[in-house]
Amino acid sequence: MVKTPCLAVRSSGKLFLIDAGEGAAARIGQLDLNLAQVDPIFITHWHSDHFGGLAMGINESWFVVANSPFNIYGPYGIYNTMEGIRKSFGPDILFRSSNRQGILDPILAVATPHLVNIAGEQTEIVQDIWHHGNTYVSVFAVHHEPVFPAFGYEIRFGPCKVIVTGDTHVFDTLESIERDADLLISEALSYEQYISKLKQTGNNRRARLRYEKADQIIHYHSNTLDIAKMATKSGVKSIALTHLIPPPVTEEDKKGFVTGMSKYYSGPIRVMDDLDEIVLSDSGRGQGRVEYLSDEN
């Protein structure tokens, strides 16, 4: 999802998510995916737009008769968040399980948290945390200060390597982390469009303040030109831009969002829409093949 992040991944017979922004459960349904089969969910950080749909995802998965509790992986703060969800949904769990005895097990209505703890805010370490079949998920630290810790994730299956940045500005050690990735799924801020949109918001005090404080947003997101430069350094083969700032409204906005990137990066760049799909497969040459499928197809 573009505005409130949620990436669904199917691999090795598993369906899992990275982040669960508001509306995640509804979007999964629109993709004809079975919410009851989702497990696990990996959270990049505890900004509300990245986990606002987590509670409903857990609850709806239980209600459509999942066989086991969700497993949630995430940074420090995960226990408090999961406990808050458990408490807030407590009455709902009680009422529904009482009404559907023998069908809805209340034990399955509560997710199992797994704290991901990696050391240092400038580490090059990419740490394995989960695998199933030939699919491996690893985690690395990113820079989204003052949010700390914040993570990105690496997904490997067969010869395919995918990097999901989470929210971060581009930093030096991404070069080794992204090295030879078949696909980089990156959050993105178009500086030119962002400043232009702010200037168009009016001349009232609130609008002026947003413009004056623009650096508060810019400093911890990934500038599109920096993404392009780092992707070239790292040998990234394809870039998918998501969680876009500002969100494009028109096709002209989408085209303008990548202005200047081709000066620094010659590979494919796709500005993603909600419900777009990407298929990765073995090219037969020891690397992944990337195919983009839009919702319109």
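**Pockets, cores and salt bridges**

Guide: In this predicted model, strand β1 supplies five residues to the lining of the largest pocket, the largest share of that lining.

Visitor: Which residues are the closest to the centre of the largest pocket?
Guide: The largest pocket has a volume of about 920 Å³, and 40 residues line it. Elements that each supply at least two lining residues include β1 (7-11), α1, β8 (151-157) and β13 (277-282). The closest to the centre are L7, A8, V9, D276 and I278.

Visitor: Which residues lie nearest the centre of the second largest pocket?
Guide: The second largest pocket holds about 240 Å³ of space and is lined by 16 residues. By class the lining has seven nonpolar, five polar and four charged residues. Nearest the centre lie Y194, R210, Q216, I217 and Y220.

Visitor: Which element gives the largest share of the largest nonpolar core?
Guide: The largest nonpolar core has 28 residues, of which V38, I41, L54, I72 and M82 touch the most other members. Two or more residues come from each of β2 (14-18), α1, β3, α3 and α4. The largest share, four residues, comes from α3.

Visitor: How many residues of α3 are buried?
Guide: Helix α3 spans residues 54-63 and is mostly covered. The buried residues are L54, A55, G57, I58, N59, S61 and W62. They pack against elements including α1 (24-30), β3 (38-42) and α4 (78-88). Of the 10 residues in α3, the buried ones number seven.

Visitor: Is S186 buried or exposed?
Guide: S186 is found in strand β10 (residues 183-189). Residues up to four places away in sequence aside, S186 touches T165, S222, I227, A240, L241 and T242. The cut-off for burial is under 20% relative accessible area. The relative accessibility of S186 is 2%, so S186 counts as buried.

Visitor: How many residues apart in sequence are the parts that D274 and R27 tie together?
Guide: D274 forms a salt bridge with R27, with the closest N and O atoms 2.8 Å apart. D274 is partly exposed at 22% relative accessible area, and R27 is partly exposed at 24%. Because D274 lies in the loop between β12 (269-271) and β13 while R27 lies in helix α1, the parts tied together are separated in sequence by 247 residues.

Visitor: What separates D92 and R96 along helix α5?
Guide: D92 and R96 form a salt bridge, their closest N and O atoms being 2.8 Å apart. D92 is partly exposed at 22%, and R96 is partly exposed at 32%. The two are four residues apart in helix α5, so the separation is about one helical turn.

Visitor: Which residues do salt bridges that share partners join into one network?
Guide: A search of the whole structure finds seven salt bridges. One of them pairs the side chains of K161 and E154 at 4.0 Å, N to O. K161 counts as buried at 6% relative accessibility, and E154 counts as buried at 7%. The network consists of E154, R156 and K161.

Conventions
Residues are numbered from 1 along each chain as its sequence is written. This is a predicted model: local features need pLDDT of at least 70, side-chain atom pairs count only at pLDDT 80 or more; totals for chains, interfaces and linings use all residues. Side-chain values use heavy atoms; hydrogens and water are left out. Buried means under 20% relative accessible area, exposed over 50%, partly exposed in between (1.4 Å probe, protein chains only). Contact means heavy atoms within 4.5 Å. A nonpolar core is a set of buried Ala, Val, Leu, Ile, Met, Phe, Trp, Tyr and Cys residues joined through side-chain atoms within 4.5 Å. On a 1 Å grid over the protein atoms alone, a cavity is a set of points where a 1.4 Å probe fits but cannot get out, and a pocket is an open set with protein on both sides within 12 Å along at least five of seven lines; lining residues have an atom within 4 Å of a point. Grid points are joined across faces, edges and corners, and a volume is the space filled by probe spheres set on the points. Ala, Val, Leu, Ile, Met, Phe, Trp, Tyr, Cys and Pro count as nonpolar, Asp, Glu, Lys and Arg as charged, and the others, Gly among them, as polar.
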